[in-house]
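This explanation leads the reader through one protein structure, from its overall division to individual residues. Please keep the sequence and the three-dimensional view at hand while reading.

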Amino acid sequence: MSLRILSQNEVKQCITMEQAIHAMENAFIQLAKQQVKLPLRTGITVDEEEALTLTMPAYLSQEKALGLKVASIFPKNITRNKPVITGFIMLLDACTGEPQALMDASYLTALRTGAVSGLATQYFATEQANHVAIIGSGVQAETQLQAVATVRDIKQVSIWSRNIKNAEQFADKFSHQYAINVFDQLPSAVKDADIICTATSSTEPLIHLHDLQPHTHINAIGSHTPQMQEIGESVLKQAVVLVDQLTAILAEAGEIINAVQQKQLKQEEIIEIGNWLVNKDTDYKNQLTVFKSVGLSIQDVSVASVVYANALSKNLGLTCALS
């Protein structure tokens, strides 16, 4: 029995954004068809460090992909010059239960979060979309742009962030690929955008209806607790709202929870993306659409299985004997 260990650099060599988007589509169709096992994630706190470690298992029957992600949030790591968020994904052989692979999860988490926005953009943004606004300049911003640009011919990028220095660094990095502008006022950043990606930790709504075009598609991936909000009630009341999984959204996504409680959004009108992908029966491309995602472990295990298959064919990774 052997275990293949993959560094972040090796993981990056073993999956493209296009492959990740395709993996997301397969994963969400299987979710809709009840061909996945997706237990609730389990959190354990380390009180003296004010820290949290989450374990997130999943099984996708089509690929026979079995595994789990472990993610740790240790805020005091800032003072230790270590990353605040760390994690790994472990894959197991679905026939024998033996460990197959262990890989760094930080890049894959950003990749799969970008990829699901890419998937939503592919199906719900207008075909002519060429201007994207990125709200936030953290680790997720880059893969959001990369994903959207994989499915639409992006020419113009607007960026707004509370950290203007980070936004300027982001703009410098991509200035050779796009016409990119940094805005200090958020409404100016979004007013002409065809697509908006929000990746912030905001507790107050940032995106409001009067700032948007009628056909705008929004990928909202920042808020993941009941206290966090990025999208205003006026937007959610007017838009077609699509989500990764309704149960998870109603437990974790502050703006959706709030809009449902305030009767601005009807729970029964919220569409799970997997159900839509199975039928593809309604075209929302020229309407105002919001895709809200809090992230599911099937996404992590799905992209990890692609990485593992590509690592085998490229002979990448360190192989360790376990017995």
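How far apart do the C-alpha centres of domain 1 and domain 2 lie? In this predicted model, the separation between the two C-alpha centres is 25 Å. The domain assignment places residues 2-108 and 298-321 in domain 1, and residues 126-295 in domain 2.

Two salt bridges are counted between domain 1 and domain 2. As for individual pairs, K280 forms a salt bridge with E25, and their closest N and O atoms are 3.3 Å apart. Two residue pairs are found in polar contact across the interface of the two domains.

The next topic is the set of salt bridges. Side chains of opposite charge can pair when their charged atoms come close. The count of salt bridges comes to 10. One of them joins the side chains of E127 and K285, with an N to O distance of 2.5 Å. This pair links distant parts of the chain, 158 residues apart: E127 lies in the loop between α3 (106-124) and β8 (131-135), while K285 lies in the loop between α10 (273-279) and β15. The two partners may also be described by their accessibility. E127 is partly exposed, because its relative accessible area is 47%, whereas K285 counts as buried because its relative accessibility is 18%. Another salt bridge is formed by D153 and K155, whose closest N and O atoms are 2.6 Å apart. K155 has a relative accessibility of 47% and therefore counts as partly exposed.

E255 pairs with K292, the closest N and O atoms being 3.8 Å apart. E255 belongs to helix α9 and K292 to strand β15, so the pair ties together parts that are 37 residues apart in sequence. Both E255 and K292 are buried.

Which residues of helix α9 are buried? In this helix, which spans residues 254-261, they are G254, E255, I256, I257 and A259. These buried residues pack against α7 (233-238), β13 (240-243), α8 (246-252) and β15 (289-292). Strand β15 therefore meets helix α9 through the pair already described, since E255 lies in α9 and K292 in β15. Just after α9, K263 takes a positive phi of about 60 degrees.

T53 lies in strand β4, which runs over residues 51-60. Is T53 buried or exposed? T53 is buried, because its relative accessible area of 16% is under the 20% limit. The side chain of T53 makes a polar contact with the side chain of S72 at 2.8 Å. Apart from its neighbours within four places in sequence, T53 is in contact with T42, G43, I44, V70, A71, S72 and F74.

T200, by contrast with a strand position, is found in the loop between β11 (195-198) and β12 (217-220). T200 is likewise buried, because its relative accessible area is 12%. Its side chain reaches the backbone nitrogen of S202 at 3.2 Å. Leaving aside neighbours within four places in sequence, the residues in contact with T200 are I135, G136, L206, G222, S223, M228 and E230. The C-alpha atoms of T200 and T45 are separated by 23 Å, and these two residues are 155 residues apart along the chain.

Methods:
Residues numbered from 1 in each chain as written. Predicted model: local features only at pLDDT ≥ 70, side-chain atom pairs only at ≥ 80, totals over all residues. Heavy atoms only, no water. Buried < 20%, exposed > 50% of the residue type's maximum accessible area, 1.4 Å probe, protein only. Helix = DSSP H or I, 4+ residues; strand = E, 2+ residues; numbered from the N terminus. Contact = heavy atoms within 4.5 Å. Polar contact = N/O pair within 3.5 Å; in protein donor to acceptor, adjacent residues only side chain to side chain. Domains from an automatic or database assignment. Salt bridge = Lys/Arg side-chain N within 4 Å of Asp/Glu carboxyl O.
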